[in-house]
2 protein chains.
Amino acid sequence: MADSARPARPARRRYGLRPTMKDVAARAGVGLKTVSRVVNGEPGVTPDTERRVQEAITALGFRRNDSARILRKGRTSSIGLVLEDLADPFYAPLSRAVEEVARAHGALLINGSSAEDEERERELVLALCARRVDGLVIIPAGADHRYLEPEIAAGVATVFVDRPAARIEADAVLSRSFEGAREGVAHLIAHGHRRIGFIGDLPRIHTAAERLRGYRAAMAEAGLPVDESWVALGPTHPERVRADAERMVEGRGSAAAPVTALLTGNNRVTVTVVRVPAVRERRVALVGFDDFELADLLTPPVTVIAQEPALLGRKAAELLFRRLEGADDAPRRVELPTRLIPRGSGEIPPRS
Amino acid sequence: MADSARPARPARRRYGLRPTMKDVAARAGVGLKTVSRVVNGEPGVTPDTERRVQEAITALGFRRNDSARILRKGRTSSIGLVLEDLADPFYAPLSRAVEEVARAHGALLINGSSAEDEERERELVLALCARRVDGLVIIPAGADHRYLEPEIAAGVATVFVDRPAARIEADAVLSRSFEGAREGVAHLIAHGHRRIGFIGDLPRIHTAAERLRGYRAAMAEAGLPVDESWVALGPTHPERVRADAERMVEGRGSAAAPVTALLTGNNRVTVTVVRVPAVRERRVALVGFDDFELADLLTPPVTVIAQEPALLGRKAAELLFRRLEGADDAPRRVELPTRLIPRGSGEIPPRS
């Protein structure tokens with residue numbers, strides 16, 4: 001029992017000593033069913049009795065145990081969100097948007113990140129399912145989501161966002177990565193560039209592959225050859241990205257001439273490339289996939305292909321709750337357009 | 001039952017149709033107790049029987065229902081993290097660090113944000129307690145946490161981070177806001193400034209109040225008067241911050257002369273102030289509380305008082321798990337030092 005004058009310390013031995021409905025009933029001098037009615041907002045209790053029960057609840061510090069309700073009703077009022085990285089700023093507005101939609105539906109958000117690791121994604125997803133989340137919004141790291149089929153069959157609604165599911169049919173909310181990258185490269189070509197590099201994320205990631213495809217399409221449509229030394233996909237840690245950027249703009253390790261422009265595959269790559277001295281000194285043109293905070297205040301300001309991460313999150317969460325409300329039409333793929341924002345770095349002409 | 005050849009659709013009517021241990025026992029041709037032993041990794045099952053049970057589990061898509069275990073054992077292996085804003089980049093590395101510690105302890109992380117609203121914080125905290133989290137890491141918005149006393153008494157371990165609890169004794173992991181702000185202002189004074197403004201967060205937020213106190217202390221120690229028009233606390237949305245910055249650097253609405261330098265109270269304030277044309281045109285010196293991505297690439301690069309958000313999160317989560325493991329000594333206050341990083345904006349001399 002709580003003593004409000006003296007803050008109590010948590011101590012393991014106290015687990016399980018929470019007040020129960022029985023304690024509330026005894027203190028209020030009513031039956032267990034009456035307490036249950038008050039707690040669950042059911043009718044059939046007089047205002048005076050309700051007041052006594054509420055006083056007993058307050059005095060004892062009773063809280064309804066939702067774990068019991070989960071078992072009884074099969075619904076937990078929580079959804080899981082599996083991110084790639086809690087610390088990537090691209091996912092921050094996406095998370096917040098999912099949280100806002102969940103909150104509007106009275107559901108809690110359980111969050112976790114896969115760190116771009118297939119096994120960790122699977123572990124996390126199954127742990128969330130074991131906790132009986134109603135549904136999942138997943139930014140997938142894995143290449144095979146068949147492990148989710150029993151969960152989906154058992155009623156866990158699942159919406160993929162940013163990247164589609166692999167080897168199962170499932171709802172997905174995506175940005176148009178192919179079209180965005182193609183537009184970015186066409187923009188550089190329109191400003192006179194012919195030797196353009198692409199530095200992207202791991203090739204197994206859907207968005208990285210799609211953006212590479214967009215890069216190749218734009219080059220092909222302009223009749224420009226692509227030297228394979230101009231394409232570098234890999235992890236987005238700064239050392240790798242910096243090495244690839246330096247190599248491309250200096251023309252090392254290749255018979256082909258150095259690139260005069262770069263398309264960077266996401267915001268993590270871009271914020272590293274803008275720091276590379278060789279890129280700055282040679283006035284290499286740059287278009288970055290993803291907008292990012294302060295992009296417009298850099299010198300030169302960074303031209304980007306902007307996605308709408310908050311809208312991705314909102315659309316995914318809304319689709320999830322539509323599924324939970326019973327919509328059982330075929331899996332959908334929602335695609336959101338990207339937007340080219342010219343700011344300066346993408347309009348630098350090639351060095352003669 | 002799952003059909004692995006055809007992806008199934010979630011449909012509400014299927015809730016509650018998950019396979020049970022009874023179904024597994026029937027399919028494997030063993031008793032319920034045997035299935036329970038296999039599921040919970042208890043001894044006393046032959047390898048051949050275990051294999052049959054595992055096959056039945058796979059075939060049926062059975063998952064252990066952790067809700068039942070919660071009721072039985074009183075531990076959920078999850079912790080709650082209550083943030084102020086999921087989308088503030090300051091909290092991203094803090095969240096990730098809490099997640100890493102939780103993961104190392106085999107616990108899931110349940111996340112939510114208060115949006116700096118006392119009532120929403122309380123709702124979220126109590127919803128998490130009702131879900132039987134083992135413990136909570138809280139960045140508090142509220143001014144009275146006595147509502148948590150019954151939960152703490154009932155065994156929910158609670159650690160506050162970034163800001164302390166109000167009106168209860170509880171563990172807290174904080175940055176030295178007072179000392180950091182004092183050092184930042186002393187730095188500006190050492191570079192010749194005498195008229196220095198402070199733009200901070202809402203005055204009821206502990207860190208905002210502490211940083212204001214540090215500002216006043218540094219001014220007093222240097223024998224400099226503070227005109228009250230040089231101090232502006234409020235919400236961190238760009239319109240308010242921009243208006244206060246313009247007013248201070250232009251000296252409008254005050255008999256006092258314009259400020260020649262500013263201390264900004266957190267990263268949200270700083271990223272707005274660096275955009276204000278009047279600040280840039282008048283070459284107003286700037287020291288920002290909190291480091292932020294790309295601060296060093298702006299013109300001029302931004303001098304900051306850096307905190308270590310990842311370390312705040314890690315220390316808070318480690319303290320939480322120590323409490324959960326039984327440490328019941330008095331509540332602790334852990335204070336982490338800040339670090340002044342001179343980069344250019346804080347070393348601009350005053351306009352003569």
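Glu149(A) is situated in helix α7 (residues 149-153) of chain A, where helices (H or I, at least four residues) and strands (E, at least two) are DSSP runs numbered from the N terminus. The model is a predicted one, in which local features need pLDDT of at least 70 and side-chain atom pairs count only at pLDDT 80 or more, while totals for chains, interfaces and linings use all residues. Residues are numbered from 1 along each chain as its sequence is written, chains are lettered from A and ligands numbered from 1 in the order in which they are written, and side-chain values use heavy atoms, with hydrogens and water left out.

Glu149(A) is buried, with a relative accessible area of 7%; buried means under 20% relative accessible area, exposed over 50%, and partly exposed in between (1.4 Å probe, protein chains only). Its C-alpha atom is separated by 7.8 Å from that of Ile168(A), 19 residues apart along the chain. Ser114(A), in the loop between β2 and α6 of chain A, is also buried, at a relative accessible area of 0%. Apart from residues up to four places away in sequence, Ser114(A) touches Leu83(A), Glu84(A), Arg120(A), Glu121(A) and Ala141(A), contact being defined as heavy atoms within 4.5 Å. Between Ser114(A) and Asp85(A), 29 residues apart in sequence, the C-alpha distance is 6.7 Å.

Chain A as a whole contains 13 helices and twelve strands. Its radius of gyration is 27 Å, well over the 20 Å that the globule rule gives for 352 residues, so chain A is more spread out than a compact globule. This radius is taken over C-alpha atoms, and the globule rule is 2.2 Å times the number of residues to the power 0.38. Along the principal axes, the C-alpha atoms of chain A fill a box of roughly 90 × 50 × 35 Å. Buried residues account for 57% of the 352 residues in chain A. Of the contacts in this chain between residues at least 6 apart in sequence, 65% join residues at least 24 apart. The accessible surface of chain A (Shrake-Rupley method, 1.4 Å probe; for residues, only the protein chains shown count as cover) is about 14200 Å², with 50% belonging to carbon and sulfur atoms.

In chain B, helix α5 (residues 91-104) has 14 residues and reaches 20 Å from its first C-alpha to its last, close to the 20 Å expected at 1.5 Å a residue; the expected span is 1.5 Å times one less than the number of residues. The buried residues of α5(B) include Tyr91(B), Leu94(B), Val98(B), Val101(B) and Ala102(B). Their cover includes β2 (108-113) and α6 (118-130) of chain A, together with β1 (78-83), β2 (108-113), β4 (157-161) and α13 (309-324) of chain B. Leaving aside neighbours within four places in sequence, Ala102(B) is in contact with Ile79(B), Ala107(B) and Phe321(B). After α5(B) comes Gly106(B), whose phi is positive, near 70°.

Helix α2 (residues 32-39) of chain B has Thr34(B), Val35(B), Ser36(B), Val38(B) and Val39(B) as its buried residues. What covers them includes α1 (21-28) and α3 (47-60) of chain B. Gly41(B), with a positive phi near 65°, follows α2(B).
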